[in-house]
Amino acid sequence: MEITILGTSCMVPTKERNVQAIYVEYKGEGILFDCGEGTQRQMNIAGINRNKIRKILLTHWHGDHVSGLIGLLQTISNNESPQKVVIFGPREIQERIAHLLKSVSFEESRMDLEIKELNPRGVEKIYDGEDYIIQAAYLDHKIPCLGFSLIEKDQRKINMAKAKKLGLKEGPLIGKLQAGHSVNFKGQAIKPDDVSHMQKGKKFSIILDTLPCTNAYELAREADILIAESAYTSEMEEKSLEYKHMTTKQAALIATTANVKKLIITHFSQRYKTNKELEEEIKTFFQNSQAAYDFMKIKL
Ligand SMILES: [Zn+2]
Ligand SMILES: [Zn+2]
């Protein structure tokens, strides 16, 4: 899994930072979280192929998170054979996407679009695929806003040295063992656990526009990587309450309480010309942390 942060600004783009979008590539599939204005160009610069996008997950309907969506959809519809795209998002998604598609003139009928309105109660599984699941939960922002976790399923890893000792070679029998089935080989029964072990899947959570809330803690629990908003440094707590955004200290508190391995903060107010001050501060609150920057890549 590779995560590319395409924008780190809150509300408006600055000279150094674009607004929100986070691209995740997993086994060749592109999953885009939010699509602020300018996301397509950020993708060009990051060398991301838009044709790979299969899922778009929207946190909420504030412009800095969605105003690039129509441009991206139009580009996808122009492909020779447009790929199917599923858009997941908070309540009102059907009406809003319908309005959006009407707002410009293009051949939307060429698109294979599926819209899924999410209304999770607490933390809920909203997608269950072969390799990973996605969870969503409502957070505490000015308008309904979702947080997400992408959780890779545990995978069986074959120890080829052990398999070879039993005389096994790469092939269908190994495939069966990999799938968790016992096999018979030269009169002996071999169980999957004899030649393999389960490797725990990785978990990655995104908690953008919100105040700290129970669902944010729940979503982030035991995440390998938590990307959380920190619009402000800690002395700005009053402002953060007013606008329902988090400070560095609040993001760090979630990471600590939820036992997160690594914290990456993003969604910075334009009052900060660079992320230096935020980076310095977050490190005092949570050791394994970093302030994101546009085009930052994280391997998981
Ligand atoms: Zn925002
Ligand atoms: Zn917002």
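Predicted model: local features only at pLDDT ≥ 70, side-chain atom pairs only at ≥ 80, totals over all residues.
**Exercise 1. Find which protein atoms are the donors of the zinc ion (ligand 2), and describe the site.**

Step 1. Donors are N, O and S atoms within 2.8 Å of the metal (3.2 Å for Na, K and Ca); water is not among the atoms, so sites may look incomplete.

Step 2. Along the chain these donors have the spacing H-x1-H-x78-H-x67-D.

Step 3. The angles among the four donor atoms run from 88 to 166 degrees, and the site is irregular. Four donors count as tetrahedral if all angles lie between 85 and 135 degrees; four count as square planar and six as octahedral if opposite donors are over 155 degrees apart and all others between 65 and 115; anything else is irregular.

Step 4. Histidine 60 is in the loop between β4 (53-57) and α2 (63-66), and aspartate 209 is in the loop between β14 (203-207) and α8 (214-220), so the pair ties together parts 149 residues apart in sequence. Helices (H or I, at least four residues) and strands (E, at least two) are DSSP runs, numbered from the N terminus.

Step 5. Histidine 60 and aspartate 209 are both buried. Buried means under 20% relative accessible area, exposed over 50%, partly exposed in between (1.4 Å probe, protein chains only).

Conventions: residues are numbered from 1 along each chain as its sequence is written, while chains are lettered from A and ligands numbered from 1 in the order in which they are written. Local features need pLDDT of at least 70, side-chain atom pairs count only at pLDDT 80 or more, and totals for chains, interfaces and linings use all residues; side-chain values use heavy atoms, with hydrogens and water left out.

**Exercise 2. Describe the site of the zinc ion (ligand 1) and state which residue coordinates both ions.**

Step 1. The protein donors of the zinc ion (ligand 1) are Asp64 (OD), His65 (NE2), Asp209 (OD) and His267 (NE2), lying 2.1 to 2.3 Å from it.

Step 2. Their spacing along the chain is D-H-x143-D-x57-H.

Step 3. The arrangement around the zinc ion (ligand 1) is irregular because its four donor atoms subtend angles of 91 to 157 degrees.

Step 4. Aspartate 209 coordinates both zinc ions, which are 3.6 Å apart.

Step 5. Aspartate 64, in helix α2, and aspartate 209, in the loop between β14 and α8, link parts of the chain 145 residues apart. Both of these aspartates are buried.

**Exercise 3. Determine whether phenylalanine 268 is buried or exposed, and list its contacts.**

Step 1. Phenylalanine 268 lies in the loop between β16 and α11.

Step 2. Its relative accessible area is 0%, so phenylalanine 268 is buried.

Step 3. Leaving aside neighbours within four places in sequence, phenylalanine 268 is in contact with residues including Thr8, Ser9, Cys10, Arg17 and Leu278.

Step 4. Threonine 8 is 260 residues away from phenylalanine 268 along the chain, and their C-alpha atoms are separated by 6.2 Å.

**Exercise 4. Work out which way the residues of β15 point.**

Step 1. Five of the five residues of β15 are buried.

Step 2. Ile225, Ile227 and Glu229 point one way, Leu226 and Ala228 the other way. In a regular strand the side chains alternate between the two faces of the sheet.

Step 3. β15 pairs with β14 in the parallel sense over four bridges, and serine 205 stands opposite leucine 226.

How values were computed: Contact = heavy atoms within 4.5 Å. Pairing = 2+ DSSP bridges.
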